[in-house]
Amino acid sequence: MTELSISTAAGVFDAIVAGPPEGRPVLLLHGFPQTGLVWRRQIAALPEHGYRVVAPDQRGYSPRARPERPEAYRISLLVEDVVAIAEELGWAAFDLVGHDWGGAVAWWAADGHPDRVRTLTVVSTPHPGALASTLRTDPDQRERSRYMIDWRETPATEERMLAGDAEALRAAYAGKIPQDSAEAYVRHLSQPGALTAALNWYRAGRPDDAIGVIDVPTLYVWSTEDSAFGPVAAQETGRWVNGPYRFEILKGVSHWVPEEAPETLSRLLLEHLRAHGEHGTTASTTSVDSQKR
């Protein structure tokens, strides 16, 4: 596991990399309020099976790729970052994995670039179309998503999160992730401008275009104790995937799946990658309840 700087037209992205250079490439996208470190257990597991994994700190989280204006964090630009990173790494095609906001970017990237995304794995975040329709019809999901409106419309969000030695930011992790990881995230986001950049993902405005149905082989992992995404949007997600689809439910696990249930997630991810080979052509549709391990 080593550090890597990836230079693109949008800036320089800091990343963690592991695995043989000739291995099948896997790109891991983190969410809020974390960094590429969220994937450290998967970064350790996948190279043992020959995969080449890269986990970048995304736009705003990498200091040298941190524009100031909220509109610079539109979803179309975040997807462009994914493609630019893959280009710089020399990856014609790659397996894409995302959690939280990284999951949203992954959905959009798979929709816009099915020729590049060999397989898709999304953790926690439902398909954006499923989430949008659920927000219109499900009071429970509207209540779960209320925090996003607050963060978008309250300029003092950063000050509130960082007050008292970042007490509110620490509380967001709900004691579900390793303490050293929580401390690393707090240190990172306490740097000047870092938390504002991370929150600009919420403040960037609506997507430029509508997202479509996903055709690439897809694994979606949702957990029953997720406070941000409820069961209706999770179940609805399957209607937005035409390609081979696997839906896994982790019982008793919170939103912070990669760190709270790392062995289970790594196992599911490896099964998905193996099932769809080098070109993602094997069709298999299952829905299995998985226990936390």
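How many salt bridges does the structure hold? The structure holds 19 of them, a salt bridge being a side-chain nitrogen of Lys or Arg within 4 Å of a carboxyl oxygen of Asp or Glu.

1. A word on the model. This is a predicted model, in which local features need pLDDT of at least 70 and side-chain atom pairs count only at pLDDT 80 or more, while totals for chains, interfaces and linings use all residues. Residues are numbered from 1 along each chain as its sequence is written, and side-chain values use heavy atoms, with hydrogens and water left out.

2. Helices here are DSSP runs of H or I with at least four residues, strands are runs of E with at least two, and both are numbered from the N terminus. R41 is partly exposed at 41% relative accessibility, and E263 is partly exposed with a relative accessible area of 41%; the term covers values between buried (under 20%) and exposed (over 50%), using a 1.4 Å probe and protein chains only.

3. S266, also in α12. S266 belongs to helix α12 (residues 262–275) and is buried, with a relative accessible area of 7%. Its side chain makes a polar contact of 3.4 Å with that of Q42; such a contact is a pair of N or O atoms within 3.5 Å, where within protein one must be able to donate a hydrogen and the other to accept it, and residues adjacent in sequence count only if both atoms are side-chain atoms. Neighbours within four places in sequence aside, S266 is in contact (heavy atoms within 4.5 Å) with R41, Q42 and A45.

4. Two other salt bridges. E71 and R69 join their side chains at 2.5 Å, N to O; E71 is partly exposed at 30% relative accessibility, whereas R69 is exposed at 57%. In the salt bridge of D208 with R74, the closest N and O atoms are 3.5 Å apart. That pair links distant parts of the chain: D208 is in the loop between α9 and β7 (218–225), and R74 is in the loop between β4 (51–56) and α2 (75–89), 134 residues apart.

5. The buried side of α4. In helix α4 (residues 128–137), the buried residues are P128, G129, A130, L131, S133 and T134. The buried residues of α4 pack against α3 (101–112), α5 (139–144) and α10 (231–236).

6. Backbone details worth a look. Most residues other than glycine have a negative phi, and most peptide bonds are trans. The peptide bond from F32 to P33 is cis, with omega near -5 degrees, and P33 lies in the loop between β3 (24–29) and α1. D100 has a positive phi, near 55 degrees; D100 sits in the loop between β5 (94–99) and α3 and is buried, with a relative accessible area of 6%. A174 has a positive phi too, near 55 degrees, in the loop between α7 (157–172) and α8 (179–189), and A174 is partly exposed at 48% relative accessibility.
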